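User: I would like to go through the labels attached to this model and see what each one rests on. Please set the values against the cut-offs.

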Amino acid sequence: MASSEVARHLKRENIRSLTMSGHVGFESLPDQLVNRSIQQGFCFNILCVGETGIGKSTLIDTLFNTNFEDYESSHFCPNVKLKAQTYELQESNVQLKLTIVNTVGFGDQINKEESYQPIVDYIDAQFEAYLQEELKIKRSLFTYHDSRIHVCLYFISPTGHSLKTLDLLTMKNLDSKVNIIPVIAKADTVSKTELQKFKIKLMSELVSNGVQIYQFPTDDDTIAKVNAAMNGQLPFAVVGSMDEVKVGNKMVKARQYPWGVVQVENENHCDFVKLREMLICTNMEDLREQTHTRHYELYRRCKLEEMGFTDVGPENKPVSLQETYEAKRHEFHGERQRKEEEMKQMFVQRVKEKEAILKEAERELQAKFEHLKRLHQEERMKLEEKRKLLEEEIIAFSKKKATSEIFHSQSFLATGSNLRKDKDRKNSNFL
Amino acid sequence: MDPLRRSPSPCLSSRPSSPSTPPCEMLGPVGIEAVLDQLKIKVMKMGFEFNIMVVGQSGLGKSTMVNTLFKSKVWKSNPPGLGVPTPQTLQLHSVTHVIEEKGVKLKLTVTDTPGFGDQINNDNCWDPILGYINEQYERYLQEEILITRQRHIPDTRVHCCVYFVPPTGHCLRPLDIEFLQRLCRTVNVVPVIARADSLTMEEREAFRRRIQQNLRTHCIDVYPQMCFDEDINDKILNSKLRERIPFAVVGADQEHLVNGRCVLGRKTKWGIIEVENMAHCEFPLLRDLLIRSHLQDLKDITHNVHYENYRVIRLNESHLLPRGPGWVNLAPASPGQLTTPRTFKACRGAHDDSDDEF
């Protein structure tokens, strides 16, 4: 199928096919590319959406055969938050930078209206970051840590009946932004017969509501058959467990109940192995490619159109991104200059006002000062007058005293000298 | 050359494992390495593209070399003196083929430059070539900045330019030096000594040393560039290559019988020069470099370094260059706004492009 497409494409371009007379050696090209990818390392981001306690962390632990984190999330978060953690895994020579994003508090609130919005915002934020990097003038895309979500594992509660409204709503909002793979969590609580009916019910609900979940690709012959078969088994009913139980003479990952042991890697018990196969071993590259070429391009197109860029101008002439960008830049620059002018004017105005107020205050103060000075002067004059009066009185009084002294001494001369001496002495004491 | 040798990747720092990305131990196989097979399937389906340009004076054996490299009649060879007039000006002539080997499809585009250096006055004879290379970058850039992009942007950018140095035996000529200086900043250049069968082994070595010295004196950084060596393995490998560059090559597209074997070679009265014999010429080295081991690397450097440099210059000077239909004359904004400096450092390279003209 693919080769005929290529042939048709080539014919259109009038390109000849050449036959070589010997061995050239470029069949090592895929190996060269693979070696380069190994050096660069791979990056894979999984988003797990599901209610608290539904088994998201356990499933991821089981999928990647590690113990990532230990603690349980609380049920009392006021709104949904997304928690991302990055790990580096290595298997033989392949390095994988794995990012797990968990929704904390999903489905816990009493009012669940705002549950899906933080998830959509997070996915958009990752696209935005990549778009920003891509639009930069000096960019480094090859060292950029790609944080765009490649796959969303949606955990459905094993009620056995149908999808919850919250599930439908969330998936409907996410299906155009990310590859969704729905899984039935805690599948050991659903019996086999119920499981079949449940799966059929779920898929028909998804289809009738127009939710587009990720379909495993069937265009490559080598994996088409497997993928097509798996497409019919969606959603996978999974059980996660890192505990080991002895079954027969081997230790296997399982959950032990009084009535039996549910083995995680037993295909009769649950679809865990299928999920691992599909997610990691067969389609990881396709998931990344779909994210980049479909979801990211869609986001990019919407975002750029929103900003006013188009490919085709008003008269159907092609408009280059550059021109629109320049026009916008010019516009923004004009806007900025205008605002600057405005602000300058306002500033000058304010300064003037303030100056006027200050001048007023100064004048008032001056007037007060004058007034006080005058008062002070008046007081002083009054005091001066009083002092003069007092001085005059003192002079008058001393004069009077002097005359009375003279009079007194004359009267003593008439009476006797002893008395005079005493009195003189007394008087001299008084004088 | 071992075809499975690790191909060095350009300009990539090994990803730092910050404290927030702890390495985790897996308790058993998960199947992550299956992603390599997935990758292989994907690229086999997509096919590969490779664009190569050969530059040199006429009669140096460029067309024959291309035919020998890809073991097919890429060009219908036109030997001189058969009524084909030498072009009066430099023309660029591209041809595209699809070749397949063991399931791997390669879309090969070869650009020839007949007339280069053939005129009396060869001033600015590199301008058409630079123009062509930049045109390919421009085409890619225009595709990349569209709103609705194609899934796979067709890559017509020149990945490698093979420069044929005439076997004078002395040193690089002024024309060579001028050309190499300008081109090594825009594209990966691999210089080769053409028609090396006119030089003896000693003469070859002396010529090679002198050319290397010339390149060093004039700061011409040919492929593989030293600044893009990733780690110690690459350094060792590439240093070995750098010692032998420029390769002394001989091209031949006719087969002759030697000791019962059919080999590609040139038959002369004094012997048969076997093209693939390392004792006779270094064609196998060139072929291995270009095809078997460094093809991906050539493409990577073109995409990550040369194209990015072009893009930076282009986006910075966008208000000066004329554009297609519907272009609105926007007066450049007053100074003081968005002063992005004209001189900049190429990514990891010490190339100063301040006086480049496009």
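Analyst: What follows takes the labels one by one, for a model that is predicted.

User: Why is the contact between A:Arg139 and B:Glu144 called a salt bridge?

Analyst: A salt bridge requires a side-chain nitrogen of Lys or Arg within 4 Å of a carboxyl oxygen of Asp or Glu. The side chains of A:Arg139 and B:Glu144 meet at 3.0 Å, N to O, so the pair meets the cut-off of 4 Å. By this rule there are 46 salt bridges over all chains.

User: What makes A:Arg139 and B:Glu144 a pair that joins two chains?

Analyst: Their locations do. A:Arg139 sits in the loop between helix 4 (117-135) and strand 5 (151-156) of chain A, while B:Glu144 belongs to helix 3 (residues 127-144) of chain B, so the pair joins two chains. Both residues, A:Arg139 and B:Glu144, are buried, a label that stands for under 20% relative accessible area.

User: How do you know that A:Asp271 and A:Lys199 tie together separate parts of the sequence?

Analyst: Their side chains meet in a salt bridge at 2.8 Å, N to O. A:Asp271 lies in the loop between strand 10 (260-263) and helix 8 (272-282) of chain A, and A:Lys199 in helix 6 (residues 192-208) of chain A, so the pair ties together parts 72 residues apart in sequence. A:Asp271 and A:Lys199 are also buried.

User: Which labels do A:Glu360 and A:Arg363 get for accessibility, and why?

Analyst: A:Glu360 has a relative accessibility of 37%. Because buried means under 20% and exposed over 50%, with partly exposed in between, A:Glu360 counts as partly exposed. A:Arg363 has a relative accessible area of 51%, which is over 50%, so A:Arg363 is exposed. The side chains of A:Glu360 and A:Arg363 meet in a salt bridge at 3.1 Å, N to O. Both residues lie in helix 10 of chain A, three residues apart, about one turn of the helix.

User: Which residues are linked in a network of salt bridges?

Analyst: The network links A:Glu285, A:Arg288, A:Glu289, B:Lys42 and B:Arg151.

User: Why can A:Val351 be part of a surface patch?

Analyst: A patch takes residues with over 30% relative accessible area and no salt bridge, and Val is among the nonpolar side chains. A:Val351 has a relative accessible area of 36% and is therefore partly exposed; it also passes the 30% limit. A:Val351 lies in helix 10 (residues 321-415) of chain A. Together with A:Phe347 and A:Val348, A:Val351 forms a nonpolar patch on the surface, with about 280 Å² of accessible area together.

User: What makes strand 8 and strand 9 of chain B a pair?

Analyst: Pairing needs at least two bridges. Strand 8 (residues 261-268) and strand 9 of chain B are joined by four bridges and run antiparallel, so they count as paired. Within strand 9 of chain B, B:Ile272 stands opposite B:Lys267. The open sheet has three strands, in the order 7-8-9, with antiparallel pairing.

User: Why are strand 7 and strand 9 of chain B called edge strands?

Analyst: Strand 7 (255-258) and strand 9 (271-274) of chain B each pair on one side only. Neighbouring strands of this sheet are turned by 70° against each other on average, direction ignored.

User: What label does B:Glu135 get, buried or exposed or in between?

Analyst: B:Glu135 has a relative accessible area of 43%, between the limits of 20% and 50%, so B:Glu135 is partly exposed. B:Glu135 is found in helix 3 of chain B.

Methods:
Residues are numbered from 1 along each chain as its sequence is written. Chains are lettered from A and ligands numbered from 1 in the order in which they are written. This is a predicted model: local features need pLDDT of at least 70, side-chain atom pairs count only at pLDDT 80 or more; totals for chains, interfaces and linings use all residues. Side-chain values use heavy atoms; hydrogens and water are left out. Patches are made of residues with over 30% relative accessible area and no salt bridge: like charges are joined within 9 Å, nonpolar side chains (Val, Leu, Ile, Met, Phe, Trp, Tyr) within 5 Å. Accessible areas come from the Shrake-Rupley method with a 1.4 Å probe; for residues, only the protein chains shown count as cover. Buried means under 20% relative accessible area, exposed over 50%, partly exposed in between (1.4 Å probe, protein chains only). Axes are lines fitted to C-alpha atoms, for helices over the stretch in contact, and angles run from 0 to 180 degrees between N-to-C directions.
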